[in-house]
Amino acid sequence: MMTVDYLSLDEPILFQWFETLMMKSIAQLEGKPLKDGKLDYFKQEFLKQYCTHFISIRTLSSGLKLVYHGRENEITAQAPIAVLTRACLENYSLFYYIYRDSNDFRDIHCRFWSWFREGLMRRQWYNMSGHADKREEERQEINRIFAEQQGCRLYQSFTPKQKKRYEEDGKWYFCGIPALLHKAGFSEAFSGNFYNFFSSYAHPTSAGHLQTSQADYKTSKAGMNAMLTPLFICSALYLHN
């Protein structure tokens with residue numbers, strides 16, 4: 001059983017350990033019969049995407065240094081690591097909310113298909129030539145899922161305004177990612193502060209630019225190391241669930 005004591009291990013050991021465990025988990029699922037079709041398939045795809053981000057962070061953190069012309073101090077890849085860590089947290093929070101937050105299969109089924117429908121609706125925004133048949137096929141799937149989900153408990157709990165957003169935009173959960181992270185086991189302080197910190201790097205805000213422009217190698221390395229702790233905690237929770 002993993003405890004917080006494991007987090008005191010050196011980062012290369014933790015990266016190798018978690019990567020090995022995730023790859024084993026993915027390999028064990030490959031080729032197994034899918035009892036619930038897409039619902040089970042995308043459970044595995046969530047972990048695959050998370051593992052891809054995790055390995056990318058490992059690659060960036062192990063030695064990448066950026067040297068700008070005219071500056072003596074090198075800085076680490078703190079900014080892209082923050083963006084990827086944010087993506088990992090979002091991945092896990094949605095995985096947990098869909099598959100683990102409720103023990104009622106009806107809720108799991110409704111949340112999954114609502115999530116899937118939202119993705120299909122976003123694909124309708126892409127105006128690409130040569131895919132008219134696929135777009136029409138997915139439009140029909142969007143309508144089919146909507147007709148099916150109107151009777152589920154989640155949809156019935158929505159306000160009229162929320163139902164309208166569900167129908168027109170695909171929006172199916174009405175809280176922010178920090179709230180989902182709290183549901184998934186993170187403290188409120190972490191869910192708000194850390195996630196907002198990571199988000200400042202994902203968007204072209206002045207906060208993100210200030211943090212990058214004012215950092216030298218030592219401070220950016222320290223900041224990057226601090227980011228890795230929530231990543232390792234998130235990885236442990238993923239494997240536990």
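In which helix is Ser-199 found? Ser-199 lies in helix 9, which spans residues 188–202.

## Basis of the values

The model is predicted: local features need pLDDT of at least 70, side-chain atom pairs count only at pLDDT 80 or more, and totals for chains, interfaces and linings use all residues. Residues are numbered from 1 along each chain as its sequence is written, and side-chain values use heavy atoms, with hydrogens and water left out.

Helices are DSSP runs of H or I with at least four residues, numbered from the N terminus.

## Ser-199

Ser-199 is buried, at a relative accessible area of 12%. The classes are buried (under 20% relative accessible area), exposed (over 50%) and partly exposed (in between), with a 1.4 Å probe and protein chains only.

The side chain of Ser-199 makes a polar contact of 2.8 Å with that of Arg-86. Such a contact is a pair of N or O atoms within 3.5 Å; within protein, one must be able to donate a hydrogen and the other to accept it, and residues adjacent in sequence count only if both atoms are side-chain atoms.

## Salt bridges

A salt bridge requires a side-chain nitrogen of Lys or Arg within 4 Å of a carboxyl oxygen of Asp or Glu. The count by this rule is 15. One of them links Arg-106 to Asp-104, with the closest N and O atoms 2.7 Å apart; Arg-106 is exposed, at 58% relative accessible area.

In helix 4 (residues 105–123), Glu-118 and Arg-122 are 4 residues apart, about one helical turn, and their side chains form a salt bridge at 3.9 Å, N to O. Glu-118 is buried at 14% relative accessibility, whereas Arg-122 is partly exposed at 41%.

Lys-134 and Glu-138 form a salt bridge, with 3.9 Å from N to O. Glu-138 is buried, with a relative accessible area of 8%, while Lys-134 is partly exposed at 38%. These two residues are 4 apart in helix 5 (residues 132–149), or about one helical turn. Elsewhere, salt bridges with shared partners connect Asp-104, Arg-106, Asp-107 and Arg-153 in one network.

## Aromatic rings

Rings of Phe, Tyr and Trp (its six-membered ring) pair if their centres lie within 6.5 Å; planes under 30 degrees apart are stacked, over 60 edge-to-face, and the rest tilted. The count is 33 aromatic pairs. Among them is the tilted pair of Phe-158 and Tyr-166, with 5.9 Å between centres and 45 degrees between planes. Phe-158 and Tyr-166 are both buried.

A charge sits over a ring if NZ of Lys or CZ of Arg is within 6 Å of the ring centre and within 35 degrees of the ring normal. The charged end of Arg-111 sits over the Tyr-97 ring, 4.0 Å from its centre. Lys-171 lies over the face of Tyr-173, 4.2 Å from the ring centre.
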